[in-house]
Amino acid sequence: MKIVVGFVISIAAAATGAWAGYDNAKGLIRGGDSIFDTFKETESGWLFSDDIGSSNASLLERARIAVGGPLGLSSSEVLYFIALNDSEGRRLTSSCSYVVTGVPIDTRWWSLTLYDSSTQNYVENTQNRSSWNSAVLPKRKDGSWQIIVSAQSSEGNWLPSQKIADQPFELNLRTYNPSDKTRQAAPDIALPIVERTGC
């Protein structure tokens with residue numbers, strides 16, 4: 001009888017320890033720290049990491065990326081830039097409207113995608129639009145462009161944010177197969193400017 005009781009206690013202790021380890025790991029991955037904590041801020045305020053998708057990323061970084069966001073291609077294929085704030089350092093929020101202005105990027109293809117910062121998912125909208133990309137975005141004669149980000153519909157190249165007020169969001173600029181010149185200069189390249197136009 002003592003052997004049986006001892007066995008049951010050992011199993012219970014092992015299960016408790018495994019659960020505590022799992023819960024601790026989940027807390028580290030999904031805890032208060034952002035997946036962008038290890039990103040470096042560029043002079044223009046965008047966040048950048050060359051470790052995403054590379055062997056330089058730590059196990060915790062890889063886990064956070066896998067759980068928290070659709071990032072992860074090798075840095076030899078894509079350079080990622082994240083905007084959490086506008087050009088004056090204020091958090092991007094659905095209560096405000098923005099204009100994103102950019103110039104041509106020396107890369108095969110790029111996209112600018114809006115994600116809900118709370119869920120890391122696309123924002124549902126009647127336009128079924130979560131991003132613009134270099135292939136379809138209308139541009140000026142000199143190649144420059146603008147995207148309007150707001151909760152309310154707008155003329156022009158509109159990128160919808162959340163309908164509910166005060167919801168944080170982020171902009172993810174992906175540059176696929178950047179030229180050698182762009183890659184060597186990164187992150188100090190001419191990145192888009194995100195300006196708040198009203199709240």
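## A tour by selection

Start by selecting Tyr-115, which is buried at a relative accessible area of 4%; buried means under 20%, exposed over 50% and partly exposed in between, with a 1.4 Å probe and protein chains only. The model is predicted, so local features need pLDDT of at least 70 and side-chain atom pairs count only at pLDDT 80 or more, while totals for chains, interfaces and linings use all residues. Residues are numbered from 1 along each chain as its sequence is written, and side-chain values use heavy atoms, with hydrogens and water left out.

**Rings**

Rings of Phe, Tyr and Trp (its six-membered ring) pair if their centres lie within 6.5 Å; planes under 30 degrees apart are stacked, over 60 edge-to-face, and the rest tilted. The count of aromatic pairs is five. Tyr-115 and Tyr-122 make a stacked one, 5.4 Å centre to centre with 20° between the planes.

Next, select Arg-129 and Trp-132. The charged end of Arg-129 sits over the Trp-132 ring, 3.6 Å from its centre (the rule: NZ of Lys or CZ of Arg within 6 Å of the ring centre and within 35 degrees of the ring normal).

**Strands**

Switch to the cartoon view. Strands are DSSP runs of E, at least two residues, numbered from the N terminus, and two of them pair if DSSP finds at least two bridges between them. An open sheet of six strands runs in the order S1-S2-S3-S9-S5-S6, with antiparallel pairing. Its edge strands are S1 (40-41) and S6 (131-133), each pairing on one side only.

Now select S7 (residues 145-150). Five bridges join S7 to the antiparallel strand S4 (residues 97-102), where Thr-101 stands opposite Gln-146. Three bridges join S7 to S8 (residues 158-160), and these two run parallel; Ile-148 stands opposite Trp-158 there.

**Charges**

Finish at Asp-86, which is buried at 5% relative accessible area. A salt bridge is a side-chain nitrogen of Lys or Arg within 4 Å of a carboxyl oxygen of Asp or Glu, and the whole structure has three.

- Arg-90 to Asp-86: closest N and O atoms 2.9 Å apart.
- Glu-88 to Arg-90: 3.7 Å between the closest N and O atoms; Glu-88 is exposed at 61%.
- Arg-196 to Asp-86: 3.7 Å, N to O. This pair links distant parts of the chain, 110 residues apart: Arg-196 is in S10 (residues 193-198) and Asp-86 in the loop between S3 and S4.

Technical notes:
Helices (H or I, at least four residues) and strands (E, at least two) are DSSP runs, numbered from the N terminus.
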